[in-house]
Amino acid sequence: MKSNKNNKQLFVYENGTTYFSKQTERRVLFILTLIMLVWGMVEGFSRFIG
């Protein structure tokens with residue numbers, strides 16, 4: 001059986017610089033966006049409640 005694994009690395013450290021794959025960058029930015037959204041909702045609710 002052949003496996004169709006993607007052997008792409010999430011990030012590469014080369015010559016003192018870290019390079020991220022496009023997929024990794026999108027996932028990190030999506031997670032940070034969700035965190036900011038939840039944080040904003042918590043702040044809004046705390047101001048609304050008192």
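A nonpolar patch on the surface is formed by Val28, Leu29, Phe30, Ile31, Leu32, Leu34, Ile35, Leu37, Met41, Phe45, Phe48 and Ile49. Together these residues have about 1,300 Å² of accessible area. One of them, Val28, is found in helix H1. Val28 has 43% relative accessibility and counts as partly exposed, because partly exposed covers the range between under 20% (buried) and over 50% (exposed).

The model is predicted. The mean pLDDT of the protein chain is 87, and 86% of its residues reach 70 or more. Among the elements of the chain, the lowest and highest mean pLDDT values are as follows.

| Element | Residues | Mean pLDDT |
|---|---|---|
| Strand S1 (lowest) | 11-14 | 86 |
| Helix H1 (highest) | 22-49 | 95 |

Where pLDDT is low, the predicted coordinates should not be read in detail.

Strand S1 pairs with strand S2 (residues 17-20) in the antiparallel sense, over 4 bridges. The hairpin of S1 and S2 has 2 residues between the strands, and Asn15 in this hairpin takes a positive phi near 55°. Phe11 stands opposite Phe20, which lies in S2.

How many aromatic pairs does a search of the whole structure find? The search finds 1 aromatic pair. The ring centres of Phe11 and Phe20 are 6.3 Å apart and their planes are at 50°, so the pair is tilted. Phe11 is partly exposed, with a relative accessible area of 48%.

Note on methods
Residues numbered from 1 in each chain as written. Predicted model: local features only at pLDDT ≥ 70, side-chain atom pairs only at ≥ 80, totals over all residues. Heavy atoms only, no water. pLDDT = per-residue confidence, 0-100. Phe/Tyr/Trp six-rings, centres within 6.5 Å; stacked < 30°, edge-to-face > 60°. Buried < 20%, exposed > 50% of the residue type's maximum accessible area, 1.4 Å probe, protein only. Pairing = 2+ DSSP bridges. Patch = residues over 30% accessible without salt bridge, like charges linked within 9 Å, V, L, I, M, F, W, Y side chains within 5 Å. Areas by Shrake-Rupley, 256 points an atom, 1.4 Å probe, with all protein chains shown as cover. Salt bridge = Lys/Arg side-chain N within 4 Å of Asp/Glu carboxyl O.
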